[in-house]
Amino acid sequence: MTPIKRIFIANRGEIAVRIIRTCRALGIETVLGVSQADRDSLGAQLADRAVVLGPAPSTQSYLKVGTVVQAALGTGCDAIHPGYGFLSENKALAEACANEGLIFIGPSPDNLDAVGDKLTARTHAENAKVPLVPGGSVDTVEEAQALATAVGFPMLIKAVAGGGGRGMKRVDRAEDLPAQLDLAISEAAAAFGDGRVYLERYVTVGRHVEVQILSDGEAILHAGERDCSVQRRYQKVVEEAPAPHLPEAMRKGLHDAAIAYARHINYRSLGTVEFLVDVERGEFYFLEMNARVQVEHPVTEAITGLDLIALQIAIAEGRPLGMTQDDIVLTGHAIECRLNAEDPDNGFMPSPGRVSQAWFPSMPGLRVDTHMTPGAMIPPYYDSMVAKLITHGTTRDEAIATMQTALKVCALTGVKTNAGLHAAIMGDETFQQGGVDTAYLPGLLARIQQGGKA
């Protein structure tokens, strides 16, 4: 066991503030790496020390492995916490930490290798006997046509190195496949430097459900599942835990499959195994594993009482989890709304600028993870998420009602936000009934457009 005394946080925004909060509770010092655009951020003010990694563009600051490692070493840190996004699943960073005697607060390079390539991850799922969406890799149009004939349309073309919905193309007809395949390959090569693609059956009515995994290298436990089906262009907007209206046999199957996958690759750290639930067939399929803390981890913390960041740090120190599956008790229901600085009435265009008011009053059942303060600048270089509103209630209806109140009383002004959209979702009868699929939000947006603003 190696106690960590000082952590270098290689991230920004709300997750940096979130990590600092837990480190303070644990008595661990923090150094935050910032770009020039984030020098005056709340994270920079809260950390014990902040160092500038480089100019505002992430390619010149947050994504520079060598710079991050040297900054950590130069400030006397024992470990690096990568948060989510940026370098959080970067094998080169994990290897550099190992080479320099730093603790990488995340899984091993081998683990990252196993899940970082989607085709490799699919192979591991197959070997672990975890259900997969029918499909496979293709190199030529002929191979794609043969696979599509065997599986059936509609098909989804996905980039092997893709993420966040980028490099994905839906194909409904055989005659469209060659052109869409060429387009997907060229886009994947341009976006990720890797033109490899694979095809999967497109699930017409699907739910996105993921399972939180905790592993100390010996014990592998789950902390329940989250439903992330409210999405726009494959980007999550609202998440909740537990997933509503899942058959209990399927819920248990998801938990067991996630643990089986993690065990197969000898996973150690926090991680999330993502699945696609085929509503029409009553089946679920492995999508991918995220080898990091998720944006939506607070809903799991709300229903379990766990501090996932603290557990992540403890595992990195070499400590055992110190609990069994029976010790993880799920209580109530939690919902998270991602508040983004964007304009839903103008094609969801980002809305950078200076925040004039950031008011998140304390109220029962509400947690707010944010880095916003009055006068804060939202730079145009990064993701537009500025806050996460998390509500917890005895029932799902109670969590929704609390969120509706929170959306009314919380205020972020000076920039456009998607708060109105979240209010529309929370007030929508279909969402309130629970168990919506991934086509829900596009449908709601179409209804809003027909009837005016949310």
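Q: What distance separates the C-alpha centres of domain 2 and domain 3?
A: The C-alpha centres lie 28 Å apart. The contact takes 7 residues from domain 2 and 6 residues from domain 3. Contact means heavy atoms within 4.5 Å. The model is predicted, so local features need pLDDT of at least 70 and side-chain atom pairs count only at pLDDT 80 or more, while totals for chains, interfaces and linings use all residues. Residues are numbered from 1 along each chain as its sequence is written, and side-chain values use heavy atoms, without hydrogens and water.

Q: Where do the domain bounds come from?
A: They come from an automatic or database domain assignment. It gives domain 1 (6–105), domain 2 (134–201) and domain 3 (206–451).

Q: Why is α4 called roughly antiparallel to α5?
A: The axes of α4 (residues 91–100) and α5 (residues 109–116) cross at roughly 175 degrees. Angles over 145 degrees count as roughly antiparallel, so α4 is roughly antiparallel to α5.

Q: What makes up the contact of α4 with α5?
A: Its residues divide into 3 nonpolar, no polar and 3 charged. Lys-91, Ala-94 and Glu-95 in α4 meet Pro-109, Leu-112 and Asp-113 in α5. Ala, Leu and Pro are among those that count as nonpolar; Asp, Glu and Lys are among the charged.

Key
Axes fitted to C-alpha atoms, helices over the stretch in contact; angles between N-to-C directions. Helix = DSSP H or I, 4+ residues; strand = E, 2+ residues; numbered from the N terminus. Parallel < 35°, antiparallel > 145°, perpendicular 65-115°, else oblique.
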